[in-house]
There are 2 protein chains.
Amino acid sequence: MRNDELLAGFLQEMRRGTIIICVLAKLRQSAYGYNLIAELSQTGIPIEANTLYPLLRRLESQGLLKSAWNTTDGAKPRKYYATTDFGLEVLAELKKHWQEAVHNMNNILEDR
Amino acid sequence: MRNDELLAGFLQEMRRGTIIICVLAKLRQSAYGYNLIAELSQTGIPIEANTLYPLLRRLESQGLLKSAWNTTDGAKPRKYYATTDFGLEVLAELKKHWQEAVHNMNNILEDR
DNA sequence: TATTATAGTGTGCGCCACACGTTATGTCAA
DNA sequence: TTGACATAACGTGTGGCGCACACTATAATA
């Protein structure tokens, strides 16, 4: 396997665990899928639509997100998602662990 | 599903992408599996033996690690692994992307 | 003989990406 | 005007990969 293919795989794995925390954090302000993809992309966190949509549904089924269709403004129906209170609790926990992880990683990376 | 079960799953996902970079970094000094587990655990990065062993083999098959049995000192045979030059290159790339990811994550987490 | 150190395998499950499908809205030209 | 095409927005089915769990195996040591 070529160098860049290998790397691409690893980076994908790296993103994998962080996507959830990104989504929960972003959806403290409600947004719809298509929009979220653009915003995350802008912030340097690319995510495929085919990855995000199932993720949103999963997080909702776990009670971390709530959703509502917005068809009122006469246009394309959009499904707005937002983080629930429970989601915020989980986010806080994840954030804590994330920061610890970053700290630990830095130790290992800088070590010798 | 209960709160802590959910969290445990997410944290596992979070570790998932970082394990490779930890292993590559740690094995700049050669070590054997059982030992590595202890060292990583000490640094706050727990990893299951059943996870690490296949990982080491995979990374070796990808040319990122090299291994050698040490049976010389008359004791339990230990398989020492160490990061190859190629592995070091990949590590450098991963490190770069990791630091970017941390930066991006911080933006999202602190935002608003 | 039991425990611990050390390495390994087989299986199930979850998640991401790829490919594809679907509906609705705008838009531009014949 | 209308048909063709792009694009916004949401969705599903499938494959592959990697982690964890449970388990096996061997050597040393107490």
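**Exercise 1. Describe how helix 1 of chain A packs on helix 4 of chain A.**

Step 1. Helix 1 (residues 3-26) and helix 4 (residues 85-110) of chain A pack with their axes 10 Å apart, at an angle of about 130°. Axes are lines fitted to C-alpha atoms, for helices over the stretch in contact, and angles run from 0 to 180 degrees between N-to-C directions. Helices (H or I, at least four residues) and strands (E, at least two) are DSSP runs, numbered from the N terminus.

The model is predicted: local features need pLDDT of at least 70 and side-chain atom pairs count only at pLDDT 80 or more, while totals for chains, interfaces and linings use all residues. Residues are numbered from 1 along each chain as its sequence is written, and chains are lettered from A and ligands numbered from 1 in the order in which they are written.

Step 2. Classify the angle from step 1, about 130°. This angle makes helix 1 of chain A oblique to helix 4 of chain A. Angles under 35 degrees count as roughly parallel, over 145 as roughly antiparallel, 65 to 115 as roughly perpendicular and the rest as oblique.

Step 3. The crossing of helix 1 and helix 4 of chain A is left-handed; that term applies if the near helix is turned anticlockwise from the far one by less than a right angle, and right-handed applies if clockwise.

Step 4. From helix 1 of chain A, A:Ile21, A:Leu24 and A:Ala25 meet A:Gly87, A:Val90, A:Leu91, A:Leu94, A:Lys95 and A:Trp98 of helix 4 of chain A. Two residues are in contact if their C-beta atoms, placed from the backbone, lie within 7 Å. By class, the residues of this contact are seven nonpolar, one polar and one charged. Ala, Val, Leu, Ile, Met, Phe, Trp, Tyr, Cys and Pro count as nonpolar, Asp, Glu, Lys and Arg as charged, and the others, Gly among them, as polar.

**Exercise 2. Locate A:Cys22 and state whether it is buried or exposed.**

Step 1. A:Cys22 lies in helix 1 of chain A.

Step 2. A:Cys22 is buried because 21 other C-beta atoms lie within 10 Å. A residue is buried if 20 or more other C-beta atoms lie within 10 Å of its own, exposed if 12 or fewer, and partly exposed in between, with C-beta atoms placed from the backbone.

Step 3. Leaving aside neighbours within four places in sequence, A:Cys22 is in contact with A:Leu40, A:Ile45, B:Met105 and B:Ile108.

Step 4. A:Cys22 and A:Val90 are 68 residues apart in sequence, and their C-alpha atoms are 12 Å apart in space.

**Exercise 3. How many residues does each chain give to the contact of chain A with chain B?**

Step 1. Chain A gives 36 residues and chain B gives 36 residues.

Step 2. On the side of chain A that touches chain B, helix 1 and helix 4 of chain A each supply at least two residues. That side has 18 nonpolar, nine polar and nine charged residues.

**Exercise 4. Which residues come closest to DNA strand C, and which come nearest to DNA strand D?**

Step 1. DNA strand C is surrounded by 26 residues, of which the closest are A:Asn50, A:Thr51, B:Tyr32, B:Gly33 and B:Tyr34. A residue is near a strand if its C-beta atom, placed from the backbone, lies within 6 Å of it.

Step 2. Helix 3 of chain B gives the largest share of the surface near DNA strand C, five residues. This surface has nine nonpolar, seven polar and ten charged residues.

Step 3. Around DNA strand D there are 25 residues, and A:Tyr32, A:Gly33, A:Tyr34, B:Asn50 and B:Thr51 come nearest. The surface near DNA strand D divides into nine nonpolar, seven polar and nine charged residues.
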